[in-house]
Amino acid sequence: LKLTDAYIINSKNRKENDFYPTAPVATQSLIENCNIPKTIWEPCAGKGHISKELIRNGFDVFSSDLFSYNDSLISNIKTDYDFQTCDLPDVEGVITNPPFKSNLPQKLIERCLDKYSFIAIFCRLTFMESGRRYNLFKNNPPSKILVFSERVNCDEKLFYPKEKQIGGMVAYAWFIWDKNLNETNKIDWIKPSDYLNKLEN
Ligand SMILES: C[S@@+](CC[C@H](N)C(=O)[O-])C[C@H]1O[C@@H](n2cnc3c(N)ncnc32)[C@H](O)[C@@H]1O
């Protein structure tokens, strides 16, 4: 699927395809606070904002997305690849910021839980509530939830200078399922401003 303009605002004021790129400092915060396996699938890669940070930090990333974007940050993003129906790639972990609509984050997590030893989903903090996610969290509780104590911006116009990445309107967290951790439902708090110095200028 080719999009002429990924920024069209639809009638509900959601950007088409739910394209909200992840602030680089959010990925850096994950890297600093988890033991991420070497091989990763980014199944909703968009323009590659998460993938680029992971690659820069030495991880091997297979990036895919249902849609294609003109000005991607990395090459080799496989497009027309729907995470709901595709074959699951043979890697160790999944890291992404999926679309929030239609409960897609839950659908992705449930598709991936058996196969992967590590799943990290960047999502609104409110993902942890709601009746339809009760069974997910009760039956498959995450190992940990990393709450952003400072809100991050998911708008690429606010990524540089890098200090602008902090100060957003929406509270986010990383929801992490890590089979190498002997814990569930641990909540921790992270301060992304601690990691700005690890980013490129
Ligand atoms: C919130 S954006 C995040 C983009 C990227 N992960 C990042 O963090 O910068 C969600 C992405 O999911 C993609 N997407 C939507 N539905 C999808 C599907 N069924 N399978 C794969 N990707 C999908 C959109 O094209 C968009 O790039």
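User: Which residues lie nearest the centre of the largest pocket?

Analyst: Those are Asn 17, Asp 18, Cys 44, Asp 65 and Pro 99, out of 28 lining residues. A pocket here is an open set of points on a 1 Å grid over the protein atoms alone, where a 1.4 Å probe fits, with protein on both sides within 12 Å along at least five of seven lines; lining residues have an atom within 4 Å of a point. Before we go on, this is a predicted model: local features need pLDDT of at least 70, side-chain atom pairs count only at pLDDT 80 or more, and totals for chains, interfaces and linings use all residues. Residues are numbered from 1 along each chain as its sequence is written, and side-chain values use heavy atoms, with hydrogens and water left out.

User: OK, and what's the volume of the largest pocket?

Analyst: About 370 Å³, taken as the space filled by probe spheres set on the grid points.

User: What about the second largest pocket, how much space lies there?

Analyst: About 310 Å³. It is lined by 19 residues, and Tyr 20, Arg 124, Cys 154, Val 170 and Tyr 172 are the closest to its centre. Strand 5 (residues 118-124) gives the most to that lining, with three residues; strands are DSSP runs of E, at least two residues, and helices are runs of H or I, at least four.

User: Switching to rings: how many aromatic pairs are there?

Analyst: The structure holds 10, counting Phe, Tyr and Trp (its six-membered ring) rings with centres within 6.5 Å; planes under 30 degrees apart are stacked, over 60 edge-to-face, the rest tilted. In one of them, Phe 122 and Tyr 172 have ring centres 4.5 Å apart and planes at 20°, so they are stacked. Phe 122 sits in strand 5 and Tyr 172 in strand 7 (residues 172-178), 50 residues apart.

User: Are Phe 122 and Tyr 172 buried or exposed?

Analyst: Both are buried, meaning under 20% relative accessible area with a 1.4 Å probe, protein chains only (exposed is over 50%, partly exposed in between). Together with Phe 148 and Trp 174 they form one aromatic cluster.

User: How far is the side chain of Asp 65 from a ligand oxygen atom?

Analyst: An N or O atom in the Asp 65 side chain is 2.7 Å from one. For Tyr 69 the corresponding distance is 2.6 Å, and a polar side-chain atom of Thr 22 lies 2.3 Å from a ligand oxygen atom.

Methods:
A polar contact is a pair of N or O atoms within 3.5 Å; within protein, one must be able to donate a hydrogen and the other to accept it, and residues adjacent in sequence count only if both atoms are side-chain atoms.
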